[in-house]
Amino acid sequence: MGSMRVVVWCALFVMHAGFSVSNAELSPTFYSQTCPLLQTTVFGVIFRAYLTDPRIGASLVRLHFHDCFVQGCDGSILLNNTATIESEQDAIPNNNSIRGLDVVNNIKTAVEIICPATVSCADILAIAAEVGSVLGGGPSWSVPLGRRDSLTANRTLANQNLPAPFFTLDQLKAAFAVQGLNTTDLVALSGAHTFGRAHCSTFISRLYNFNNTGNPDPTLNSTFLQILREICPQNATNNNLTNLDLTTPDRFDNKYYSNLQHLNGLLQSDQELFSTPGADTIALVNSFSSNQSLFFSNFIVSMIKMGNIGVLEGTKGEIRLQCNFVNGDSSGLGSVVSKDSKDNLIAQSK
């Protein structure tokens, strides 16, 4: 089975237009000798969480995305505030929004028992994203591994690099281009919004005062608009949640794209892919809507490509013993509990 998945990965590498070769020398077999039970262990921890929290798969995909877009896929998003680190968790796109930190810590604890000081938190995030896809009914792939963990975080870069839910198509393309990702990657990775939730704060401007016009977004289906206004009245708390996917909210499928075709995209940044006049993304949305297998194959390649962004290898960085703080920084221990408690208590965006 493992060799078959590698063959499939190679075939998709060829299929994906514009897939540039990364300098990263990651391998799906990186831990085959040093931690052979890694994949099984990660899956087990996430599956147990999934039984009581069906949103966790979407949350873990998003956590990997938000890690990779800020100084690369290095686990920097997991670092808590310390005397020397300003946590990316408090950046505007992440604050009261990212979820799954407690699950990642549980995975790390389990992995440390079987393979001490061996597996990076950055690799755990990459594996967890794949498991999240699978648990939602989405594609599986052999995750290239061998990343090491950062010694730093960058809150400023998180505020700068992470795409906002109100971005136009040009802004989205620019944000992805900075990461070496192209238009196909943009449309394929946006398909992860086929499951999960979002706060009213991320789309309420579309409902009442789009671009300061005093009117709703004209690219929002009128029936969907009324549904969303009931969930997010003008005087509502911005912490109210709704499904990103109107039709199959907890399934990883291609319904996200048919939603866009019917003007039922929740976020402006979603609907922009289909409703921007003359956009080259429209054909991709139509293709993925009509062919789920095509979407899945492109999603796999784009996830692998994203997972290669700015990775640390060899002697760079470290293998953290606890994902929330760098090795030797015991000041991070006190904040682990508070961050996990916050993650469990606050209703968050995915």
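The exercises below treat the disulfides, their geometry and their surroundings.

This is a predicted model, in which local features need pLDDT of at least 70 and side-chain atom pairs count only at pLDDT 80 or more, while totals for chains, interfaces and linings use all residues. Residues are numbered from 1 along each chain as its sequence is written, and side-chain values use heavy atoms, with hydrogens and water left out.

**Exercise 1.** Determine how many disulfides the structure holds and which pattern they follow.

Solution. With a disulfide taken as a pair of cysteine sulfur atoms within 2.5 Å, the structure holds four. Counting bonded cysteines along the chain then gives the pattern 1-4, 2-3, 5-8, 6-7.

**Exercise 2.** Describe the disulfide of C35 and C115.

Solution. The sulfur atoms of C35 and C115 are 2.0 Å apart, and the torsion about their S-S bond is about 85°, so this disulfide is right-handed. C35 lies in the loop between helix 1 (2–15) and helix 2 (38–52), and C115 in the loop between helix 4 (101–114) and helix 5 (121–135), so the pair ties together parts that are 80 residues apart in sequence; helices here are DSSP runs of H or I with at least four residues, and strands are E runs of at least two, numbered from the N terminus. Both cysteines, C35 and C115, are buried, meaning under 20% relative accessible area, with exposed over 50% and partly exposed in between (1.4 Å probe, protein chains only).

**Exercise 3.** Find the handedness of the disulfide between C200 and C232.

Solution. The S to S distance of C200 and C232 is 1.9 Å. The torsion about their S-S bond is about -75°, so the disulfide is left-handed.
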